[in-house]
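This report is for a reader new to the structure shown below.

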Amino acid sequence: MRYALRKLGLLVLTLWAAVTLNFVIPRLMPGSPADAAIAKLAQNGPVTPSVQAAIEAQLGMPGGSLWDQYVAYLNNVIHLDFGVSYTFFPQQVSELVASALPWTLIMVGAVTVIAFVLGTLIGIGAAWKRGTWMDSLPTVGGSFLSAFPYFWTALLIVFFLGYVLGWFPTSGAYSATAVPNLSWEFVGDALYHAALPAFTILITSLGGWILGMRNTMINTLGDDYVTFAEANGLRGRTVAVRYAARNAILPNLTGFGMALGGVVGGSLLVEQVFAYPGVGYLLFNAVTNQDFPLMQALFLMITVSVLLANFLVEILYGVLDPRTRR
């Protein structure tokens with residue numbers, strides 16, 4: 001309990017720091033959305049101060065001192081009120097996030113879990129059969145896949161499987177004529193559109209999980225307690241899973257916590273390549289248009305999810321390895 005409370009206090013402190021940075025960083029960027037709108041109007045003639053004030057009022061630009069803005073920002077965060085998006089005016093930021101988040105959670109989240117489970121199991125098998133083809137094949141394959149940037153892989157996949165062969169759609173989350181619902185027809189259409197971005201994320205992340213688990217597992221297999229278990233005549237599967245893999249999985253579990261927390265942020269470049277309407281695609285539009293309310297909501301959501309994922313992983317660490325509670 002003392003260990004959990006200590007981690008909880010650290011979580012609260014880190015969360016406050018993240019919320020404060022989330023307020024400060026967008027305001028350090030040069031210019032503002034109002035400046036961009038005024039620059040477009042200035043191409044047709046001079047912009048009067050009254051027109052500039054009207055644009056700032058319409059966009060809901062923050063006013064007052066920096067401290068007043070910070071207090072108002074904290075109050076809005078508590079009530080989950082992030083205002084109106086500058087980019088998609090007059091839509092509420094909460095509505096935009098609510099519409100984009102399910103696509104990211106379903107596509108990126110499912111692929112992240114599949115890649116972690118599959119990569120961890122392959123890594124365990126490769127380490128246990130080290131020196132054989134069952135070790136060489138996934139190791140070389142994992143190294144080869146990890147060498148390519150995922151956005152470059154996405155471009156290759158969308159070009160060959162989408163444009164050249166025409167097997168899969170190249171953009172969107174569902175057909176233009178489809179209406180989102182829970183019917184099997186729509187679910188199948190959504191999975192069909194998610195196939196290419198999901199496949200891209202899977203093959204580019206799988207190698208890292210395989211290599212990480214394999215290398216840690218090999219180091220663990222040389223420990224005395226594994227040798228002692230083997231000398232007692234335990235079955236190979238029991239030694240590999242209950243003794244070696246249980247301790248070797250801890251570093252991979254940390255990486256999985258980070259990856260799971262980052263799921264909420266989506267895969268920005270992959271979603272951009274495939275024009276997939278997830279959180280990453282929304283974040284790209286927010287940054288390029290200096291949409292402060294939307295950026296703050298997305299950054300805060302991503303930060304909170306990563307912090308919570310790390311907190312859960314640390315609690316799980318304490319359960320799997322009692323030495324971490326000291």
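## Aromatic pairs and annotated spans

Phenylalanine 116 has a relative accessible area of 9% and is therefore buried, since buried means under 20%. The model described here is predicted.

The structure holds two aromatic pairs. In one of them, phenylalanine 116 and tryptophan 209 have ring planes at 85 degrees and centres 5.2 Å apart, so the pair is edge-to-face. Phenylalanine 116 belongs to helix 5 and tryptophan 209 to helix 8 (residues 184-221), so this pair ties together parts that are 93 residues apart in sequence. Tryptophan 209 also counts as buried, at 11% relative accessibility.

Phenylalanine 159 and phenylalanine 160 form an aromatic pair as well, and this one is edge-to-face. Phenylalanine 159 is partly exposed, with a relative accessible area of 43%, and phenylalanine 160 is partly exposed at 44%.

| Aromatic pair | Centre to centre | Angle between planes |
|---|---|---|
| Phenylalanine 116 and tryptophan 209 | 5.2 Å | 85 degrees |
| Phenylalanine 159 and phenylalanine 160 | 5.1 Å | 80 degrees |

Helix 5 (residues 93-128) also contains threonine 104. Threonine 104 is buried, with a relative accessible area of 0%. Its side chain reaches the backbone nitrogen of valine 279 at 2.7 Å.

According to an unreviewed UniProt entry, the annotation "transmembrane region" covers residues 103-128, 149-170, 190-211, 256-277 and 297-320. Residues 103-128 are 100% helix and 0% strand, and the end C-alpha atoms of this span lie 38 Å apart. For residues 149-170, the span is 68% helix and 0% strand, with its end C-alpha atoms 19 Å apart.

Conventions. Residues are numbered from 1 along each chain as its sequence is written. This is a predicted model: local features need pLDDT of at least 70, side-chain atom pairs count only at pLDDT 80 or more; totals for chains, interfaces and linings use all residues. Side-chain values use heavy atoms; hydrogens and water are left out. UniProt positions are given in the numbering used here, feature names are shortened, and annotations may be inferred rather than shown by experiment. Helices (H or I, at least four residues) and strands (E, at least two) are DSSP runs, numbered from the N terminus. Buried means under 20% relative accessible area, exposed over 50%, partly exposed in between (1.4 Å probe, protein chains only). A polar contact is a pair of N or O atoms within 3.5 Å; within protein, one must be able to donate a hydrogen and the other to accept it, and residues adjacent in sequence count only if both atoms are side-chain atoms. Rings of Phe, Tyr and Trp (its six-membered ring) pair if their centres lie within 6.5 Å; planes under 30 degrees apart count as stacked, over 60 as edge-to-face and the rest as tilted.
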